[in-house]
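Welcome, and thanks for taking a look.

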Amino acid sequence: MAKMTLPQLERHLWAAADILRGNVDAAVYKDVIFGLLFLKRANDQFDVAVEARKVQYLAEGLNEQEIEGLLTERLGFPKYVAFVPPEARWAGLRAKRVKLADELNKAVRALATNNPRLTGAFNYVDFHRGANDDKLHRLVLLFDRIRLRNEDFESPDLLGAAYEYLIKKFADEGGGKGGEFYTPRSVTRMMVEIARPREGHRIFDPCVGSGGMLIHAKEYVEEHGGNPEGLLLAGQDANPGSWAMATMNLVLHGVDRFDLRIGDTLADPKHLAGGRLAKFDIVLSNPPFSQDYVMDDLQFWEQKEFGTAPEKDKADLMFLQHMLAVLDRGGMVVTVMPLGVLFRGREEVKIRTKLLDADRLEAVIGLPSNVFYGTGIPACVIVLRAEDARADDEKRRGKVLFINADADYQTDGVKNALLPEHINKIVSTYHAFENVPGYAKVVDRETLARNNDDLNVRLYADNTPPPEPHDISAHLIGGVPRSEVAARSALLDRYGLVATDLFAERDAHYLDFRDGDDRVDTGVVARLAAAREQIFRDAFTQWWRAEEDRIAELADNTSPDDLTPDALAAARVKLLDLRAHLLGSFASSLEGNGLLDTYTLAGTLAGWWQDARHDLAALPFGGFTRVVDSWRDAVDTVISPEPDPKTGKPEKKSAAERRLAYDLPLVTALIPKFRAEFAEALEHKADLDAQWKAANGGLEDSEGEDEGDRDGVALSQKELDALKKARTAANRRIRVLEDDFWPRLTQAREALDADDERILVLGILRGALAAAADKHVDTARQELIDAYVNWESKYAVPLRVIQQRREEANSNLEAMLKELGFVW
């Protein structure tokens, strides 16, 4: 049975959402999708345990009737397996057509009743909301087509990743409501890397949402060789739907030890020990911005130790104080906050002053605008420490680090997103706790006091670019000031260039633009940059050659069916060791070139790893064969029909949708001749269409017109008939190629031997990393080109030249008028 890839699972889950999408809000139908997904997963995993129990019971001499009776009881099944009672079993639900919503509601509640860690998780799931029995039946049949056992997945963590995909998609559709349960992955990852959770830590999110902070903390511990089973993951949320979503998220990610509660964190904290607030090592959170609260509802003095903010729209600092109140000795808080908490006055400045006096504030990180769901305003991340946590740290004691990252982002659809290199720069700067010009500043308590404890990031780490210099003499008589070129010396040094590579000498203060055959334009600048870029690419090639065998070792001694905990743990260790090694060696091997900085290099490798992680994770459980097959299956997913959301019948995809498969890396590598032939056929067809359109006065099709009615390029009827036949033949050629695509790809795949598979997979992985690095190389080159174009736009045409051209134009005009007899 072919292993399911992440793109296949994501497409399947989103197809399920298509059945319900319409007039129903995403906040409603997401619960239906999540409930069915969890129910199907529980059944499929339970079936594995049932099959094992049947073999055991038969070996013990029990008959079929006795076995069936035992399989209806929880006793005898491992604790880590969710027990599925008879009323929640998939085979029975699949056969239902009438009152299916009632049956599904009973099923999920029975599942929760029989599994204590799921208690209450489905209380807020109602299959009546947003779906009738017909749609629910189609959903059940859709989920019935896929099996969700661990052994069915390309990599062990596939289902958790797909669940996160759904959460993000629902957040995208929910708009502002998405912010209630989803923090962008990039921000969450950055916060976790700042906190650096370790095995055995107790981690808490007082506004847990979908549980992303806790999931990423668990993944971080795994990535760094720790045992996540030693973590205690705890959280609370006032929204029951978010709490249920987080519960399912943790279970699907294989987390057994967690403690999630429902309730208002400020007014009714649920995590208590001996009547006091329970303590945690790390608090990670993204609380709702600008909420109301009631001061009298705060039960513990620690919640208002540093003061109270106005009750209307100002709960932000009260959430922050609650996080400090639950912090154990040596602990850390990393939380998202609106920028207003940094500079608002009255009661809030008093709270800031007390926090600073107590040395609880360690860092403030300014983020770009439009990153979070529910708000487009900029926000920040605040890092706080427990009492006396920095007492013995002279470097940090009594100081606050300000990081201004508001200009580091990439637009992703309608939102802005932090890229891996942005995350790496923030995290590295935080842990270094040092000044970075135009980016980060370490500020002492006295300086903050002089500024009335205003924590506005730009006040200390101002990344506003300096005003554009303008040299009056250069504007008047020409030339480029040497001082301006010297100010960009770091940019020129990156490419091993000096000023005279771009300009001609003039005098001690100015350079001249080159002219004639030596004239410099953007093409020349790009060619000047090419030498250093080639050195970088050569270094990249050498690095890859040195490391590809280490990557290939993941596929040694593979065992596709060995999914035991020991095998999974061993594979995880191999992956983590490889990731750590590659992160270090990539930056150290390429930073000496000077073209890309350490942050960008580390971020490039981290981003590549993130994109390729499921392929890399599949190597220990099936080698290169499994990865190649999963890529082929991904191509099949793109071109195959999908069920119509309304009828459930297979619906053929459009030509444009199917052709997306032709650009996938596997197709490019395996059947490049097909891609060339198809591109040539499309070009030929486009050329014929253009001729036809020109011959028919711009009309696409004019078969019904007489020859005399056309107003286009004059062609005889014989020529038109020949052109029409050529277009028909061109269309037929495209159809033949498209029909031949899958057989050609399959034939090429089947022709691969083990060595071919190794070369193919490593080549595609290398190409993906090289493409990611090249994007940054292109960005760096554009910066050099922009610098030259800027000098050219300012000084290439000085005032004296403008005056000269004006005089020449006036002279030409007078001569023309005189020639026409208009003389006065």
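Two strands pair if DSSP finds at least two bridges between them; helices (H or I, at least four residues) and strands (E, at least two) are DSSP runs, numbered from the N terminus. This is a predicted model, in which local features need pLDDT of at least 70, side-chain atom pairs count only at pLDDT 80 or more, and totals for chains, interfaces and linings use all residues. Residues are numbered from 1 along each chain as its sequence is written, and side-chain values use heavy atoms, with hydrogens and water left out.

Let's start with strand 9. Strand 8 (residues 361-366) pairs with strand 9 in the antiparallel sense over 5 bridges, and I365 has V381 as its bridge partner there. Strand 7 (residues 327-338) also runs antiparallel to strand 9, joined by 7 bridges, with M332 opposite R385. Because 7 of the 7 residues of strand 9 (residues 379-385) are buried (under 20% relative accessible area; exposed is over 50%, partly exposed in between; 1.4 Å probe, protein chains only), the strand is largely enclosed by the rest of the structure.

Now for the charges. A salt bridge is a side-chain nitrogen of Lys or Arg within 4 Å of a carboxyl oxygen of Asp or Glu, and the whole structure has 53 of them.

| Pair | N to O distance |
|---|---|
| R572 and E222 | 3.6 Å |
| E348 and R344 | 2.6 Å |
| E484 and K794 | 3.0 Å |

E484 lies in helix 18 (residues 482-487) and K794 in helix 28 (residues 754-795), so this pair ties together parts 310 residues apart in sequence. R572 is partly exposed at 32% relative accessibility, whereas E222 is buried at 12%.
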